[in-house]
Amino acid sequence: MSNHVPNEARVIPLRPHGARAPAPAVKEPLWRDLVGDVLRRERLAQERTLKDVADQARISMPYLSEVERGRKEASSEVLAAAAHALGLSLGDLLSRTRGELTRVTSRYTGSGSRRGAASPSSHDGLCLVA
């Protein structure tokens, strides 16, 4: 005689019966998407063509288009050149992008407060590494 155990799986629930599944994490925007949005918005506000800005910035038109669409992670030199071609400093571009990030992420967190932030000023700085 063998001690054969029937082929049955034992199910162990990961959460108590009836508990709700946690809400899926909200995907935050990428920096390159936000920078591209700011560049494109400024270019269109000035009623300038992609070719005009690319020529003045001395970058290729297809590359600038990719940057505006958030498809390329541009170097700080490229961002500075594009910003200067639009009459902005690199600081202006980054500041506007930070404002856009704050605006967009406030939708995810409700009233504009930051999740898990100890104080409203705990994330007020901006750090960009290229």
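Author: Start with Thr 105. Leaving aside neighbours within four places in sequence, Thr 105 is in contact with Glu 28 and Pro 29.

Reader: What makes these a contact?

Author: Contact means heavy atoms within 4.5 Å. This is a predicted model, where local features need pLDDT of at least 70, side-chain atom pairs count only at pLDDT 80 or more, and totals for chains, interfaces and linings use all residues. Residues are numbered from 1 along each chain as its sequence is written, and side-chain values use heavy atoms, with hydrogens and water left out.

Reader: Why is Thr 105 called buried?

Author: Its relative accessibility is 17%. Buried means under 20% relative accessible area, exposed over 50%, partly exposed in between (1.4 Å probe, protein chains only). So Thr 105 counts as buried. Of the 130 residues of the chain, 26% count as buried.

Reader: Which backbone oxygens does the side chain of Thr 105 reach?

Author: A polar atom of that side chain lies 2.7 Å from the backbone oxygen of Leu 101. The side chain also reaches the backbone oxygen of Thr 102, at 3.4 Å.

Reader: What makes a pair of atoms a polar contact?

Author: The pair must be N or O atoms within 3.5 Å; within protein, one must be able to donate a hydrogen and the other to accept it, and residues adjacent in sequence count only if both atoms are side-chain atoms.

Reader: Where is Thr 105 placed among the helices?

Author: Thr 105 is in helix H5, residues 90–109. The chain has 5 helices and 0 strands. Helices (H or I, at least four residues) and strands (E, at least two) are DSSP runs, numbered from the N terminus.
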